[in-house]
Amino acid sequence: DSVNSSTPLVSSQVPNLGLAVGIRRESSRQTKLPSRLEDNDPSAQKLRVMEKCMSILKAMSLKDGSSGRFFLEPVDPVAHGIPTYHQIITNPMDLGTIQAKMDGDEIESPEEFARLVRLVFENALKFNVDPTHAVHQAAHDLLVLFNQKFRDVERMTEKKKPSKPEQKEKKRSQQDDKKGLDKKRKKKDSNVENSESKKIELLQSSSQEVATALDALTSSL
């Protein structure tokens, strides 16, 4: 749906008119990382990535605070006289709500964090369809800025491609493992074969002894 041209275009995140909107309280998340973060420690990796997300969120909030404060708080359609807001924006979101979710550890992954932040600006672009409107332009610029900053997080979460020496070492290790398994399998097969041979010899020996005993018994009758 589009907004009627006679309806004033407003931000999907309308500023609190006449009131100063400050950035929400500082995060309660741990800010000092362990001195040594092991690359193979998933919990340490997640902590580092989510701290980076928090840093990006603060930067986006500061940028918005200096250019209009359009996206820091939820929209109040009644207070701002925009009764059709929730007909157009069915999933509202704002930076302050994301901050609260981060503080409460409600966002479990960088992908979810990025989805919510992008939703803030996508809502604004959808509700304010005029590309020359200040709110539309602010949302566009902040979305571009966020995508640029979030590339750092994406690089952190990408799996490191092994170098050629590491690839060779991995291949050699796999070959050694395969050889070791083949040796164990051959040894097991050999043991089974020897065991079967012994069983056959034992049966043959027992049969011979029984036959001899029977011959002796028959002779004595």
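How are α1 and α3 oriented to each other? They are roughly antiparallel (an angle over 145 degrees), as point 2 sets out.

1. This is a predicted model, in which local features need pLDDT of at least 70, side-chain atom pairs count only at pLDDT 80 or more, and totals for chains, interfaces and linings use all residues. Residues are numbered from 1 along each chain as its sequence is written, and side-chain values use heavy atoms, with hydrogens and water left out.

2. Helices α1 (residues 42-65) and α3 (residues 95-103) have axes that come within 11 Å and cross at roughly 155°. Axes are lines fitted to C-alpha atoms, for helices over the stretch in contact, and angles run from 0 to 180 degrees between N-to-C directions. Helices are DSSP runs (H or I, at least four residues) numbered from the N terminus.

3. In contact (heavy atoms within 4.5 Å), the α1 residues M50, C53, M54, L57, M60, S61 and D64 meet L95, I98, Q99, M102 and D103 of α3. By class, this contact has eight nonpolar, two polar and two charged residues.

4. The 24 residues of α1 reach 34 Å from first C-alpha to last, close to the 34 Å expected at 1.5 Å a residue. Its buried residues (under 20% relative accessible area, 1.4 Å probe, protein chains only) include A44, V49, E51 and I56. The buried residues of α1 pack against α3, α4 (110-127) and α5 (134-157).

5. The axes of α4 and α5 come within 9 Å and cross at roughly 170°, which makes α4 roughly antiparallel to α5. Their contact has 13 nonpolar, four polar and two charged residues.

Note on methods: Helix = DSSP H or I, 4+ residues; strand = E, 2+ residues; numbered from the N terminus. Parallel < 35°, antiparallel > 145°, perpendicular 65-115°, else oblique. Nonpolar A, V, L, I, M, F, W, Y, C, P; charged D, E, K, R; others polar. Expected span 1.5 Å × (residues − 1). Buried < 20%, exposed > 50% of the residue type's maximum accessible area, 1.4 Å probe, protein only.
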